Amino acid sequence: MPQHAQTKPVCRDCDGFATATITTGTRTPDGAKATVSVNCPTCRGLGRTIPASLVRAGK
């Protein structure tokens, strides 16, 4: 039987890829590349949007 996937609204700014890891160009003392994780400011790292009816004003 086919499985039905839930359709959740995907964030239009990040297309569902909510977190990116960026290299800083420097290395840590043990020789590994230093990285920074950055979340999408629109969905706050969820990858999907929240319906307007559930969003509180000012949050």
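Strands S1 and S2 make a hairpin with five residues between them, and Gly31 in the turn has a positive phi of about 100°. The structure is a predicted model, in which local features need pLDDT of at least 70, side-chain atom pairs count only at pLDDT 80 or more, and totals for chains, interfaces and linings use all residues. Residues are numbered from 1 along each chain as its sequence is written, and side-chain values use heavy atoms, with hydrogens and water left out.

S1 covers residues 19-27 and pairs with S2 in the antiparallel sense over six bridges. Strands here are DSSP runs (E, at least two residues), numbered from the N terminus, and two of them pair if DSSP finds at least two bridges between them. Ala20 has Val38 in S2 as its bridge partner.

Val38 belongs to S2, residues 33-39. Val38 counts as partly exposed because its relative accessibility is 37%; buried means under 20%, exposed over 50%, and partly exposed in between (1.4 Å probe, protein chains only). Together with Ile22 and Val36, Val38 forms a nonpolar surface patch of about 220 Å² of accessible area. Such patches join nonpolar side chains (Val, Leu, Ile, Met, Phe, Trp, Tyr) within 5 Å, or like charges within 9 Å, from residues with over 30% relative accessible area and no salt bridge (a side-chain nitrogen of Lys or Arg within 4 Å of a carboxyl oxygen of Asp or Glu). Areas come from the Shrake-Rupley method with a 1.4 Å probe, and for residues only the protein chains shown count as cover.

Now to the cysteines. With a disulfide taken as a pair of cysteine sulfur atoms within 2.5 Å, the count is zero. For Cys11, the nearest cysteine sulfur is that of Cys14, 3.7 Å away; for Cys43, that of Cys40 is nearest, at 3.8 Å. Cys43 counts as buried because its relative accessibility is 8%.

Key: Helices (H or I, at least four residues) and strands (E, at least two) are DSSP runs, numbered from the N terminus.
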